[in-house]
Amino acid sequence: MMMVSMALLVWCGGWWLNGRLANSPASNTSAVKLLVPAIFGVTLLIVWELLVRGLEVSLVILPAPSMIAARFATSLPILWQDFQQTILKGALSGYIIGCGAALLMAIAVDRSDFLRRGLLPVGNFVAALPIVGTAPILVMWFGFDWQSKAAVVVVMVFFPVLVNTVAGLRETSAMQRDLMQTYAASYWQSFFKLRLPAALPFVFNGLKISTTLALVGAIVAEFFGSPTVGMGFRISTSVGQLALDMVWAEILVAALAGSAFYGMMALIEKTLTFWHPSQRG
């Protein structure tokens with residue numbers, strides 16, 4: 001019970017320290033904004049470690065963070081191969097193809113009432129289809145390599161980006177569009193100078209949502225067929241072998257990759273939409 005008591009003390013200490021920092025005069029500084037979540041994360045890991053060891057939790061149920069870190073360090077070549085297969089080949093290629101196709105289709109939908117009324121309801125229907133139903137079909141169509149995983153990612157990211165982009169392109173007011181017409185602006189001049197800048201917050205909203213969808217889609221698709229490499233393949237086989245530390249190591253890789261991917265898109269959004277109220281202050 002000593003470790004359990006220590007876990008409680010560490011949690012209370014981290015809570016107290018974060019409370020002091022959050023309410024201090026320097027709470028709005030960059031250092032404190034980074035320090036508060038860092039303290040929370042470190043506190044959570046220490047409490048996790050102490051509780052697992054103090055309560056003697058089985059490895060099959062929940063491994064300690066130190067065991068996960070040790071497995072991560074000793075399995076770097078395997079994790080790197082899985083990262084390349086799932087993230088770089090499957091998720092990233094599908095993300096680029098799906099988002100690029102969605103942006104081009106959004107322009108076509110914006111110019112055609114027929115496509116707007118006919119395609120968007122179909123898009124909502126397809127977006128509601130469960131991945132566990134579509135993934136096996138796409139694996140059968142495109143094979144067991146990364147191409148089928150990219151196809152699953154394309155299906156998952158296409159319609160969120162399409163819907164958000166179409167909504168963003170219609171964000172400008174009638175007065176703004178009439179003003180561009182009085183300047184004799186063509187469709188493309190109005191598009192690049194008025195409508196696309198106004199749509200960028202919506203576009204990036206869809207792109208950020210799709211970052212997590214791409215990773216989840218690529219990993220889940222590997223459960224239905226893949227070569228002997230990949231994060232989904234490794235997770236499914238490690239669960240069968242009761243190697244839960246390896247499963248958590250793969251989860252850690254996915255979490256780090258997803259956070260980096262999302263952060264990159266957020267940074268690009270902040271650079272391009274610095275004028276938007278959401279980016280001020």
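View A. Helix 9 reaches only 41 Å between its end C-alpha atoms, whereas a straight helix of 35 residues would span 51 Å at 1.5 Å a residue, the expected span being 1.5 Å times one less than the number of residues. Helices here are DSSP runs (H or I, at least four residues), numbered from the N terminus. A kink of about 45 degrees lies at Leu-196 in helix 9, shortly before the proline Pro-197, where the bend at a residue is the angle between axes fitted to the seven residues ending there and the seven starting there. The model is predicted, with local features requiring pLDDT of at least 70 and side-chain atom pairs counting only at pLDDT 80 or more, while totals for chains, interfaces and linings use all residues. Residues are numbered from 1 along each chain as its sequence is written, and side-chain values use heavy atoms, with hydrogens and water left out.

**View B. Helix 7 against helix 9.** The axes of helix 7 (residues 146–169) and helix 9 (residues 187–221) come within 7 Å and cross at roughly 155 degrees; axes are lines fitted to C-alpha atoms, for helices over the stretch in contact, and angles run from 0 to 180 degrees between N-to-C directions. The two helices, helix 7 and helix 9, are therefore roughly antiparallel to each other (angles over 145 degrees). The residues of this contact between helix 7 and helix 9 divide into 19 nonpolar, seven polar and two charged, with Ala, Val, Leu, Ile, Met, Phe, Trp, Tyr, Cys and Pro counted as nonpolar, Asp, Glu, Lys and Arg as charged, and the others, Gly among them, as polar.

**View C. Helix 4 and its packing on helix 9.** Helix 4 (residues 76–111) has 36 residues and reaches 49 Å from its first C-alpha to its last, close to the 52 Å expected at 1.5 Å a residue, and a kink of about 30 degrees is centred on Phe-83. Helix 4 packs with helix 9 at an angle of about 145 degrees, with their axes 9 Å apart. The residues of the contact of helix 4 with helix 9 divide into 15 nonpolar, four polar and three charged.

**View D. Helix 3 across helix 11.** Helix 3 (residues 65–74) and helix 11 (residues 244–272) pack at an angle of about 75 degrees, with their axes 8 Å apart, which makes helix 3 roughly perpendicular to helix 11 (65 to 115 degrees). Met-67, Ile-68, Arg-71 and Phe-72 in helix 3 meet Asp-245, Met-246, Trp-248, Ala-249, Leu-252 and Val-253 in helix 11, contact meaning heavy atoms within 4.5 Å.

Technical notes. Parallel < 35°, antiparallel > 145°, perpendicular 65-115°, else oblique.
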